Amino acid sequence: MTAVPSIDPAQFLNEQLSQASPDLMRHLLTTFVNALLSAQADAVCGAGYGERTPERVNSRNGYRHRDLDTRVGTLDVAVPKLRTGSLYPEWLLERRKRAERALTSVVATCYLLGVSTRRMDKLVQTLGITGLSKSQVSVMAKELDEHVEQFRTRRLEESGPFTFVAADALVLKVREGGRVVPVHVLVATGVNADGHREILGVQVTTSEDGAGWLGFFRDLTARGLTGVKLVTSDAHAGLVAAIGATIPGAAWQRCRTHYAANLMSATPKTSWPWVKALLHSIYDQPDADAVHAQFNRVLDALAEKLPAVAEHLEGARADILAFTPFPKEVWRQIWSNNPNERLNREIRRRTDVVGIFPDRASIIRLVGAVLAEQHDEWAEGRRYLGLDVLARAQAVDTIVEEVTTEPDLQALTA
């Protein structure tokens, strides 16, 4: 009679791996990688290690050791050498993604420049990298900078027109002139003619003022940004003015999430739940006519109890309802900047590792690499918007009215 095993192998292995130390994980990964390399060498030679067969076409000649930086540390990889020719596993030694290489390059640059030495030491150990020379950093940075520059300066007309565009900014810290100063990273995304989202551009400016946004949008239009029907953003005065100056004929949609926060600043705190419910009821309507009708009913309700809030809402009518002429199927994608906020969270997940950047070039290198990877994922994924709804959206005649800005309210930025 066969004895029933007292240990579940799968459960046991799972428990051991969950409790494994980094040293054990590095050992297991090294063993696995070396086994794959050995199998690849056997395939090239036409026979197994030490095996004598008529099918053998080559033989081994020792090993050459290479360091492989991974998430669990630096591995000592033994690459088999051959008597004739060479075996170079590009699938392994060139496997690091652009964003990971950019992160390693930026961290290494910070370390070599003496920026926050203690913090950089901890980061390098966390990445599991045993050491990076200045020449390695230079070569890595040069290759990444070339790729990011090509991505940032590519022509846009090939994939246009871009019916819907969204713009936002986030603040990062950089060391300049011996001081740590905040800079603004401007990012724009759009929906191309094929229905996929694209990263349109990224720039770093000293401040999120009109000049910075104007230069940013001028660069986009110079590279071929056309066919824009609607731009979604927050209510930063410089941003709104730049949109009107560079993309004439495009309507402007004020982000409903940002506007809700602005409206609450003019609302007594005790009335927040009631006002929020009224505001949300406007967006829950089935068609454009119902949206405008509900907007009027909300104004009437607010005018009796909170006239200042009603005036605030009335002043933003054209800005927050700019989405209504477009097909209802796309309302959720265009009435707020929430899709770009998710993109910003991914950027911050990478940039928070660095903390303070040594220069602006390193910001462009890392953020540009992250955005390039996201751009590739969007291009390979399913369509963001269908082609039929895009065609109907392109046929919409947008009547651009004078947008309302509120200089007394500070714009919310990510």
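A residue is called buried under 20% relative accessible area, exposed over 50%, and partly exposed in between. Keep in mind that this is a predicted model.

Q: Why is Q40 called partly exposed?
A: Its relative accessible area is 24%. Buried needs a value under 20% and exposed one over 50%, so with 24% Q40 is partly exposed. For orientation, Q40 sits in helix α2, which covers residues 22-45.

Q: What makes C45 and C255 count as buried?
A: C45 has 1% relative accessibility, and C255 has 1% as well. The limit is under 20%, so C45 and C255 are both buried.

Q: How many disulfides are there, going by the sulfur distance rule?
A: The rule asks for a pair of cysteine sulfur atoms within 2.5 Å, and the count comes to 0.

Q: Why is the aromatic pair of W213 and F217 called tilted?
A: The ring centres are 6.0 Å apart and the planes make an angle of 35°. A pair needs centres within 6.5 Å; planes under 30 degrees apart would be stacked, over 60 edge-to-face, and the rest are tilted. At 35°, the pair is therefore tilted. Both residues belong to helix α7, 4 residues apart, or about one turn of the helix.

Q: How do you know whether W213 and F217 are buried or exposed?
A: W213 has a relative accessible area of 0%, and F217 has 0% too. With the limit for buried at under 20%, W213 and F217 both count as buried.

Q: What makes the pair of F323 and W335 edge-to-face?
A: Here the centres lie 5.3 Å apart, with 85° between the planes. F323 is in the loop between α13 and α14, while W335 is in the loop between α14 and α15, 12 residues apart. Both F323 and W335 are buried, and together with Y283 and W331 they form one aromatic cluster.

Q: Which residues make the contact where α7 packs against α8?
A: Helices α7 and α8 pack at about 35°, with axes 8 Å apart. From α7 the contact includes W213, L214 and F217; from α8, among others, L239, A242 and I243. The contact residues divide into 7 nonpolar, 4 polar and 1 charged.

Methods
Residues are numbered from 1 along each chain as its sequence is written. This is a predicted model: local features need pLDDT of at least 70, side-chain atom pairs count only at pLDDT 80 or more; totals for chains, interfaces and linings use all residues. Side-chain values use heavy atoms; hydrogens and water are left out. Helices (H or I, at least four residues) and strands (E, at least two) are DSSP runs, numbered from the N terminus. Buried means under 20% relative accessible area, exposed over 50%, partly exposed in between (1.4 Å probe, protein chains only). Axes are lines fitted to C-alpha atoms, for helices over the stretch in contact, and angles run from 0 to 180 degrees between N-to-C directions. Contact means heavy atoms within 4.5 Å. Ala, Val, Leu, Ile, Met, Phe, Trp, Tyr, Cys and Pro count as nonpolar, Asp, Glu, Lys and Arg as charged, and the others, Gly among them, as polar.
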